[in-house]
Amino acid sequence: MAAYLVSGSAGSGKSTVCHKLIEQGYTAYDTDSYPNFTRLEDMQGNQVPFPEGTIDWDKYRWNWSEEVFMTKLNQHGNVFFCGVSSNQSDYYKYFDKIFVLTLDDKTLRHRLLTRTGKDYGKDPKQLEDEIAYRKTRESDLLAQPNAVAIDSTKPLAKVVDDILSKTQENES
C-alpha cells in the first residue's frame with residue numbers, strides 16, 4: 001500500500017490532476033470536493049458554516065477530517081490525496097511521496113482568474129495573498145524529506161506522467 005499527496009497553491013492544478021488520475025483508473029480524492037473531507041473550522045477546531053464574503057484566514061482553518069482521511073487511507077492499496085489544508089502537515093507521515101505542484105506567479109494569476117467551478121482566488125485580495133504565499137507554501141512542502149517538485153506549467157498529461165513515474169520508484 002502506498003499513499004501519495006498531490007499539493008501546492010490554489011490554482012496549481014491539484015483538482016485537475018486528481019480527475020486525470022481517476023480517469024486513468026487510479027484511486028484519488030480531491031480533498032476539497034470529496035464530501036466531508038475538508039471543512040471550515042474556527043480556531044478551536046469546531047466546524048463552522050462559511051461566512052458571507054471573503055474568509056478571514058486569521059479566524060478560520062481549512063482542515064482535513066482525520067476520520068475521513070484514515071478511512072480512505074485504509075480502504076485502498078495505492079491512493080492519491082489531492083489538495084491543500086491548514087492541517088495537512090499532521091498527515092505527512094502517512095505519505096510515501098508528496099508531489100508539490102510548482103508554477104510561476106504569472107501562470108498562477110492566469111489560472112486563478114480564468115478557472116471555472118471555483119471562485120477562490122478571483123477576489124483581488126485573495127489573488128494577491130495566494131501569489132504572495134505561493135513560494136512559501138512550495139518551500140514548506142519541498143522541505144519534507146519525501147517531497148518531489150512537479151512543474152505544473154507543463155501539459156496535464158506530462159504532469160500526470162511525471163507523478164506516476166515517481167510512484168513507480170516505490171514499486172521497484
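1. How many salt bridges does the count come to? The count comes to nine, a salt bridge being a side-chain nitrogen of Lys or Arg within 4 Å of a carboxyl oxygen of Asp or Glu. In general terms, side chains of opposite charge can pair when their charged atoms come close.

2. A word on the basis of these values. This is a predicted model, in which local features need pLDDT of at least 70 and side-chain atom pairs count only at pLDDT 80 or more, whereas totals for chains, interfaces and linings use all residues. Residues are numbered from 1 along each chain as its sequence is written, and side-chain values use heavy atoms, with hydrogens and water left out.

3. One of the salt bridges joins arginine 109 to glutamate 128, with 2.9 Å from N to O. The pair links distant parts of the chain, 19 residues apart: arginine 109 belongs to helix H3 (residues 105-114) and glutamate 128 to helix H4 (residues 124-142). Helices (H or I, at least four residues) and strands (E, at least two) are DSSP runs, numbered from the N terminus. Arginine 109 has 33% relative accessibility and therefore counts as partly exposed; glutamate 128, at 37%, is partly exposed as well. For these terms, buried means under 20% relative accessible area, exposed means over 50%, and partly exposed lies in between (1.4 Å probe, protein chains only).

4. Within helix H4, arginine 134 and glutamate 138 are four residues apart, about one turn of the helix. Their closest N and O atoms are 3.0 Å apart, and the two form a salt bridge. A network of salt bridges links Asp105, Arg134 and Glu138.

5. Helix H5 (residues 156-171) holds both lysine 158 and aspartate 162, which are four residues apart and so separated by about one helical turn. They form a salt bridge, with the closest N and O atoms 2.8 Å apart. Aspartate 162 counts as buried at 14% relative accessibility, while lysine 158 counts as partly exposed at 39%.

6. The largest nonpolar core has 17 residues, of which Val6, Val17, Leu21, Phe80 and Ile163 touch the most other members. Such a core is a set of buried Ala, Val, Leu, Ile, Met, Phe, Trp, Tyr and Cys residues joined through side-chain atoms within 4.5 Å. At least two of its residues come from each of strand E1 (2-8), helix H1 (14-23), strand E5 (78-82), strand E6 (97-102), strand E7 (147-151) and H5. The largest share, four residues, is supplied by H5.

7. Which residues does phenylalanine 80 touch? Leaving aside residues up to four places away in sequence, its contacts include Tyr4, Val6, Leu21, Ile163 and Leu164; contact means heavy atoms within 4.5 Å. A second, separate core has 16 residues, among them Phe37, Trp64, Tyr92 and Ile98.

8. In strand E3 (residues 38-42), four of the five residues are buried. E3 pairs with strand E4 (residues 60-64) in the antiparallel sense, over five bridges; strands pair if DSSP finds at least two bridges between them. Aspartate 42 stands opposite tyrosine 60 in E4.

9. The count of aromatic pairs comes to 17. Rings of Phe, Tyr and Trp (its six-membered ring) pair if their centres lie within 6.5 Å; planes under 30 degrees apart count as stacked, over 60 as edge-to-face and the rest as tilted. Tryptophan 64 and phenylalanine 69 are stacked because their planes lie at 5°, with ring centres 5.9 Å apart. Both tryptophan 64 and phenylalanine 69 are buried. Tyrosine 91 and tyrosine 94 form a tilted pair, with planes at 40° and centres 6.5 Å apart. Tyrosine 91 is buried at 6% relative accessibility, whereas tyrosine 94 is partly exposed at 29%. One aromatic cluster includes Tyr29, Phe37, Trp64, Phe69, Tyr91 and Tyr94.

10. A search of the whole structure finds zero disulfides, a disulfide being a pair of cysteine sulfur atoms within 2.5 Å. For cysteine 18, the nearest cysteine sulfur is that of cysteine 82, 3.8 Å away. Cysteine 18 is buried at 0% relative accessible area, and cysteine 82 is also buried at 0%.
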